[in-house]
Every structure is written in C-alpha cells, then in structure tokens.
Amino acid sequence: MDSHTIEFEINGKRASLEVVSHRTLLQVLREDLHLSGTKEGCGEGECGACTVLVDGRSVTACLTLAVEVDGCSVRTIEGESEGPDLSPLQEAFVKNHALQCGFCTPGMIMSARALLERNPSPTEDQIKEAIAGNLCRCTGYRPIIQAIREAAARRKDQSAKG
Amino acid sequence: MFPPFRYFKPKRIEEVTAFLAEHGESARILAGGTDLLVGMRRGEFTPDVLIDIKGIPELQNLSADNGTLPIGAAVSVNDLLDSAEVAALFPILIQTALRMASHQIRNRATVVGNLCNASPAADMGAALLALGARVTIASPRSRRVLPLGEFFTGVKKSALGRDEWVISVEADTPPPGSRMGFLKQARVRGPDLSTVNCAAVLLPDGALTLVLGAVAETPVVVTGCGSDKGNGIADRVREAIAPIDDVRGSAEYRMDLACLMTRRMVEKLTADSRRG
C-alpha cells in the first residue's frame with residue numbers, strides 16, 4: 001500500500017508518522033494519535049464536527065488526507081486548554097451552557113478559535129457566519145454565540161490591561 | 001473509508017501533465033478535495049492515483065496584470081475573499097464567494113475546482129461566465145485557452161479531454177463604470193447549494209451579460225439581452241432555461257425564481273448606475 005512519512009506539528013509538538021495515502025486526517029488524529037476530541041459526524045464536510053486548524057485555518061478533517069498536512073502545523077481541541085486550565089473560550093462555553101450533548105463542541109470551539117485569531121472583535125453576524133459550517137442540534141445556537149461574544153470581550157479586556 | 005490509491009505531490013505543472021498522460025482516467029487532480037473526496041467516499045469516483053497540485057507555486061497565482069486577473073488552480077475561495085485587489089476590481093466574485101459553502105470548506109475548496117466539478121449550480125461558474133472568463137488548459141501537446149461558455153458541456157461534464165487539466169481561469173477587468181452582481185436563492189440562509197443563482201455584468205455602454213445557474217444542464221448565458229432591461233428580458237429568460245424538479249425545488253418554482261431574480265438583478269444594477 002502506498003504510504004508516506006509525514007512530519008508535522010500537532011498541538012505544538014513535532015511528530016513524524018508513516019501514513020497510508022488513503023487515510024484522512026480525521027482517522028489519523030483519532031485512531032493513530034488517540035486524539036479523539038475531534039469527532040466524525042457526517043464525513044462529508046457538512047456538519048463541522050471534525051473541524052481542526054491547519055496552519056491556523058479551519059478545515060474539516062474528514063475531507064483532508066493525512067498525507068496533505070506534511071510540513072503543516074495542526075491544532076485540535078486537545079491543544080485548546082492551557083495545561084490543566086480551560087481556555088477563556090472553553091470557560092465561556094461552560095458558563096453560558098453552550099453545549100448539551102457536546103458532540104459539536106470541539107468543532108465549534110475550533111471554528112471560534114480561528115475566528116478570534118483573524119478577527120478579535122467580531123460582530124454577531126460575523127460570529128454566525130463563522131460557525132455556519134458547524135451544526136448543533138441541541139442548543140439553538142444562542143448560547144454558543146453568546147459564549148463566543150464573551151470570550152472575545154474578555155480577550156479584548158485582557159489585551160487592554162496588557 | 002476510501003479504497004487505496006497512490007498519492008503524488010509534484011512541484012511543476014509539466015509533472016502533473018505527465019502523470020495524467022501516463023494514468024489517464026484512473027488519475028484525478030486533488031486541489032481542495034471538497035467535491036472529489038465526497039465523491040470518492042460515495043463511490044462515484046474510484047481513482048488509482050491522486051495528484052495533489054497544491055505544491056506548485058504557479059497555481060497560487062492571484063495577481064491582476066495588464067487588466068487581466070488570473071486565478072490559479074490552487075487558489076481557494078477564501079484566498080479570493082482575502083484579496084484586496086479582487087475586492088476592488090471584481091466585487092461580483094466577492095459576493096459570490098461569500099455565498100459559497102462554510103468558512104472551513106472555503107479554506108480548502110478552490111475556484112477552479114468549482115468550475116471543473118461542472119455542476120449546473122456552480123456559483124463561480126455563473127459569476128465567471130458573466131465576466132466572460134476563459135480557462136487555460138494544459139495537456140502533453142500544448143496549452144489551449146477556452147471561453148468558459150464552451151467549457152461546460154453537461155451536468156458534471158466539461159470539454160476537458162482525458163489528459164487535459166485546467167491550470168487557471170482568467171477574467172478581464174470590466175471597464176470603469178461597469179456594474180456587477182450575484183444573487184443566490186437557496187433553501188436556507190446558511191451554507192447550501194443554489195436552487196437558482198443569477199450573475200450579471202452591466203457595461204457602461206448599456207450591454208448586459210446575464211447568467212442563470214441551476215436552471216439547465218449547464219449555467220445559461222441569456223443571449224440577446226442587449227440593452228433591453230424591460231419586460232422583454234423575462235421572456236428571454238423563459239426561452240433560455242429548462243429547469244427540472246429536484247430536492248431543492250420544482251421546475252415551476254425555479255422558472256418563477258429565475259424571472260424574479262432577473263428582475264431584481266436588473267433593478268439592482270440600474271439603480272446602482274443611476275446612483276453612480
């Protein structure tokens with residue numbers, strides 16, 4: 001079977017891995033690296049449950065081949081917390097009850113992370129646009145939007161205090 | 001999930017062309033993968049070889065030169081949205097890109113891939129047809145340039161030969177004072193395929209190019225609009241399109257939508273020019 005050695009960074013750590021060509025990034029994250037925070041929903045790029053960041057840009061890991069991330073930096077939900085502490089974004093999700101079953105949450109947080117990094121002060125419409133590719137069947141989205149707004153405001157406060 | 005295949009990531013255009021010539025229809029080009037990998041998962045395509053073109057610097061080209069904008073085959077829809085030059089010269093492409101898929105899909109999906117998938121509902125197909133764009137096609141023999149109107153030949157069918165592939169699409173900057181727009185009607189406000197889409201460019205001399213998508217086997221350029229922007233244009237639209245029933249809407253609904261969207265487009269472009 002056609003395989004390739006890929007070198008990449010996963011949540012800040014360097015990794016070198018032998019992958020067969022037809023495995024997705026999602027499969028390699030979950031099955032080889034045991035990073036099972038990233039979920040598989042639809043497997044067709046519609047639901048966003050498998051959203052991860054590749055070189056800072058959000059992508060659906062189900063429609064990305066593992067071999068394609070050779071030389072890239074990959075971030076998953078496991079890289080979101082800072083040691084034992086939740087990130088401000090994660091804390092805002094908890095505080096606002098922005099999840100019920102939790103299946104969409106890792107992808108939702110990765111989309112929110114990508115948004116806040118390209119736009120630290122998003123409007124409500126920009127937040128909605130940024131998570132339009134992440135389906136949630138529990139919350140009705142309001143608490144998720146509120147959590148992202150709060151996390152953005154908190155980041156702004158912190159950088160103002162600097 | 002996918003049956004095994006071999007993966008190549010060449011660094012030069014000529015290598016891709018050579019791989020395609022060697023493997024023929026058992027090879028597929030991988031750009032963003034957002035149509036290809038979904039199709040492979042569903043068993044619609046079963047390639048033995050995938051040729052990843054994202055390692056070829058030339059295919060990232062997105063820089064207007066001498067009044068022409070080339071969009072290389074590896075340029076993603078979000079790359080387009082990030083370009084100040086595109087925003088200034090081709091607002092229609094920005095309007096179109098913003099209505100396509102979700103942010104994370106747009107980070108991968110390419111403009112040229114949207115054309116090569118050759119869906120009748122391809123939003124970039126409609127917008128680039130309205131701009132009179134052309135594709136540049138590479139093969140072992142030579143390169144050829146084809147007007148986009150001759151590229152789409154049927155549902156998911158293009159004029160590409162088995163050893164040919166698209167390296168870029170080019171659009172000329174419309175003259176100053178041109179008006180352009182893109183409208184899309186889908187089942188939901190969020191990411192969805194078009195039930196009907198409509199793209200148009202109105203030149204300062206009054207000539208109108210109107211394109212309707214998801215209403216026939218290929219996107220339709222409604223000919224003979226000339227400067228007739230009154231009621232006659234709806235009759236032309238009715239004659240030009242042949243919508244079908246599918247999960248996104250009935251033929252009858254699409255016919256009405258196409259006429260309504262045409263009217264709104266004409267109002268929008270002429271109101272813009274009065275204001276301008």
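This is a predicted model: local features need pLDDT of at least 70, side-chain atom pairs count only at pLDDT 80 or more; totals for chains, interfaces and linings use all residues.

Biologist: Okay, let's begin with the two chains. How many residues of chain B are in contact with chain A?
Modeller: On the chain B side there are 31 residues, and they are in contact with 31 residues of chain A.

Biologist: And what area do chain B and chain A bury between them?
Modeller: About 2400 Å², with 53% of it on carbon and sulfur atoms. On the chain B side, the residues that lose the most area to chain A are Y7(B), H103(B) and Q104(B), which together make up 27% of what that side buries.

Biologist: Why talk about area at all?
Modeller: Lost accessible area is often how the size of an interface is given.

Biologist: Got it. How many salt bridges are there between chain B and chain A?
Modeller: The count is seven salt bridges. One to look up is D79(B) with R57(A), whose side chains meet at 3.4 Å, N to O. There are also 17 residue pairs in polar contact across the interface of chain B and chain A, counting pairs with both residues at pLDDT 80 or more.

Biologist: Which helices and strands of chain B each supply at least two residues there?
Modeller: The strands are β1 (6-8) and β3 (49-52), and the helices are α2 (36-41), α3 (77-81) and α6 (103-106), each supplying at least two residues of the chain B side that touches chain A. The element that gives the most is α6(B), with four residues.

Biologist: What classes do the residues on that side of chain B fall into?
Modeller: The side of chain B that touches chain A has 14 nonpolar, nine charged and eight polar residues.

Biologist: Switching to chain A now. Which domains does chain A have?
Modeller: The assignment gives domain 1 (3-79) and domain 2 (88-161). Taken over C-alpha atoms, the centres of domain 1 and domain 2 of chain A are 22 Å apart.

Biologist: How many residues of each are in contact?
Modeller: In chain A, 16 residues of domain 1 are in contact with 13 residues of domain 2. Those two domains of chain A bury about 1100 Å² between them, and carbon and sulfur atoms give 63% of that area. T51(A), L53(A) and I77(A) supply 38% of the area that domain 1 of chain A buries against domain 2, more than any other three residues.

Biologist: And salt bridges, how many between those two domains of chain A?
Modeller: One salt bridge is counted between domain 1 and domain 2 of chain A. Three residue pairs are in polar contact there, again with both at pLDDT 80 or more. On the side of domain 1 of chain A that touches domain 2, strand β3 (residues 51-54) gives the most, with three residues. By class, that side of domain 1 of chain A has five nonpolar, seven polar and four charged residues.

Biologist: I spotted helix α2 in chain A. Which of its residues are buried?
Modeller: In α2 (residues 88-95) of chain A, the buried ones are P88(A), L89(A), Q90(A), A92(A) and F93(A). The cover over the buried residues of α2(A) includes α3 (105-118) and α5 (142-161) of chain A. After α2(A) comes H97(A), which has a positive phi, near 50°.

Biologist: Last topic, chain B's own domains. What are their bounds?
Modeller: In chain B, domain 1 is 6-172 and domain 2 is 179-275. Their C-alpha centres lie 24 Å apart. The contact takes 22 residues from domain 1 of chain B and 21 from domain 2 of chain B.

Biologist: What area do those two bury?
Modeller: Domain 1 and domain 2 of chain B bury about 1800 Å² between them, 64% of it on carbon and sulfur atoms. R99(B), P120(B) and A130(B) lose the most area on the domain 1 side of chain B, together 30% of what that side buries.

Biologist: Which helix gives the most to that domain 1 side?
Modeller: For the side of domain 1 of chain B that touches domain 2, α8(B) gives the most, with five residues. That side has 15 nonpolar, five polar and two charged residues.

Notes:
Residues are numbered from 1 along each chain as its sequence is written. Chains are lettered from A and ligands numbered from 1 in the order in which they are written. Side-chain values use heavy atoms; hydrogens and water are left out. Contact means heavy atoms within 4.5 Å. Buried area is the accessible area (1.4 Å probe) that two parts lose on being put together, summed over both. A salt bridge is a side-chain nitrogen of Lys or Arg within 4 Å of a carboxyl oxygen of Asp or Glu. A polar contact is a pair of N or O atoms within 3.5 Å; within protein, one must be able to donate a hydrogen and the other to accept it, and residues adjacent in sequence count only if both atoms are side-chain atoms. Ala, Val, Leu, Ile, Met, Phe, Trp, Tyr, Cys and Pro count as nonpolar, Asp, Glu, Lys and Arg as charged, and the others, Gly among them, as polar. Buried means under 20% relative accessible area, exposed over 50%, partly exposed in between (1.4 Å probe, protein chains only). Domain bounds come from an automatic or database domain assignment.
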